[in-house]
Amino acid sequence: MDQSVDRNSTGLAYIGETARKFLDRETSGGLLLIVATILALVLGNSQWADAYHHYLTDEFLFELSEHFSFGLTIEEWINDGLMAIFFLVAGMELKREIMVGELSSLKKASMPLLGALGGMVVPALIFVSLNTGTENISGWGIPMATDIAYSLGIIGLLGKKVPSQLKIFLVALAIADDLGAILVIALFYSNELSWLFLGSGVGIFVLLMLCNRFGIKSLIWYILGGVALWYCFLNSGVHPTIAGVLFAITIPVKPKLDSKILKERTAKNVAALEETDIENRDPMQDTRQSKILKAMKKDTQNSRPPLLKLENALIDFNAFFIIPIFAIANAGVKLNVGILEVVSSSLGLGIVLGLVIGKVLGISLFTFVGEKLGISELHTSLRWKHIIGMGMIAGIGFTMSLFITNLAFIDPEFIKISKISILIASLVAALGGIITLLFTKPKIENI
């Protein structure tokens with residue numbers, strides 16, 4: 001019984017460490033994202049604006065041989081390449097949360113899932129109601145998104161004024177929201193299909209699943225397969241970022257070495273180490289000590305789930321490089337259109353109202369009805385004003401909204417109005433959420 005507890009505690013501690021690392025990186029990464037957004041806007045409205053936009057259209061080419069070369073523009077490498085890694089991390093986060101986190105049971109998942117559902121449905125309905133019958137209608141997916149990095153960055157600024165459970169709730173909601181966005185992109189924002197490449201991609205996905213099923217744990221084979229999967233989807237007509245999510249599904253969760261075997265082998269290695277002259281000699285002087293320590297290190301590495309190893313390896317890269325680079329490449333819209341002109345158009349108004357009003361209304365309404373029906377339960381440390389404030393902050397669509405904008409429209413004018421609308425809505429949503437949460441008193445009696 002005690003050994004079982006020890007094994008469970010070790011596994012849960014590593015999973016908890018991964019979750020905390022993700023939360024910390026997303027919070028601090030959100031602050032860096034704010035800086036990147038400001039930089040992009042400065043570049044896009046400065047004397048270097050033409051050079052900034054021209055640089056993004058330059059082609060970066062890989063020439064493996066005279067018969068095979070592969071190239072994309074810098075902007076495409078960011079939006080189709082780096083963002084596939086972003087979706088890979090999102091997929092791994094989702095898989096982790098479903099297995100052991102806030103989405104691991106119906107009771108835990110019901111509140112954030114209902115919130116995410118309401119936060120997608122209501123904004124989309126607001127947008128559609130204002131744009132039905134117009135050529136803007138393809139932008140209905142833009143106000144559905146929540147930017148997890150920006151949202152956590154804003155909540156991080158509030159520090160201890162925000163209950164920790166609200167941050168956890170927001171993470172779970174945003175991850176569920178990401179799943180919704182992934183499905184929307186896959187189903188509604190894909191181009192004409194190439195069945196050859198799509199079939200090849202599906203074949204690679206099945207092969208990776210078989211690798212998982214037959215116990216292959218080495219990440220290098222999955223990474224090589226993941227790159228091939230991305231290339232197939234890039235040419236298939238289905239957006240290549242979906243490959244990142246499918247890749248995440250295939251990555252093994254069970255480690256090469258389980259905790260019971262690790263404990264037994266560690267005990268043997270410790271006993272062997274004690275038989276050496278550890279009082280007078282160190283590993284540099286004693287090759288036996290060195291071999292034992294290397295074996296212990298290898299065993300420890302093999303006891304870590306491949307999914308968590310890869311997620312930990314990519315969290316910093318995702319938060320501190322991919323998301324800021326995406327913002328720099330996509331947020332540098334020229335602000336030569338007045339706010340009144342933007343919000344007076346059905347496109348701009350649909351996005352602003354969808355993110356600012358639709359998000360908070362959908363999240364609050366769906367979670368409230370869920371609790372009244374007994375489907376879900378509000379955590380004892382939270383007030384409904386916390387949910388309202390968080391719902392406002394969830395209206396920061398930014399990264400995903402900008403991403404869907406690029407998929408929804410080709411017309412530069414539509415893209416410009418959409419991006420300015422997203423910036424306006426995200427700013428208003430952030431300010432509204434901050435003010436609401438600052439004036440929401442914590443539940444002292446539950447502390």
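Helix 14 and helix 15 make a right-handed crossing, where the near helix is turned clockwise from the far one by less than a right angle. Helices here are DSSP runs of H or I with at least four residues, numbered from the N terminus. This is a predicted model, in which local features need pLDDT of at least 70 and side-chain atom pairs pLDDT 80 or more, while totals for chains, interfaces and linings use all residues. Residues are numbered from 1 along each chain as its sequence is written, and side-chain values use heavy atoms, without hydrogens and water.

Let's stay with that pair. Axes are lines fitted to C-alpha atoms over the stretch in contact, with angles from 0 to 180 degrees between N-to-C directions.

Now turn to helix 3 and helix 9 (residues 241-250), whose axes come within 7 Å and cross at roughly 35°. This crossing is right-handed. Its contact includes Asn79, Phe87 and Lys95 from helix 3 and Val245 and Phe247 from helix 9.

Helix 3 (74-100) also brings us to the largest pocket, supplying at least two lining residues, as do helix 2 (49-56), helix 12 (306-330), helix 16 (398-408) and helix 17 (412-438). The space in this pocket is about 900 Å³. A pocket is an open set of points on a 1 Å grid over the protein atoms alone, where a 1.4 Å probe fits, with protein on both sides within 12 Å along at least five of seven lines; lining residues have an atom within 4 Å of a point. Grid points are joined across faces, edges and corners, and the volume is the space filled by probe spheres set on them. Of 35 lining residues, Glu75, Asn79, Asn406, Ile415 and Lys419 are the closest to the centre.

Finally, an automatic or database domain assignment gives domain 1 (12-75 + 108-175 + 326-439) and domain 2 (259-300). Their C-alpha centres lie 50 Å apart.

Note on methods:
Contact = heavy atoms within 4.5 Å.
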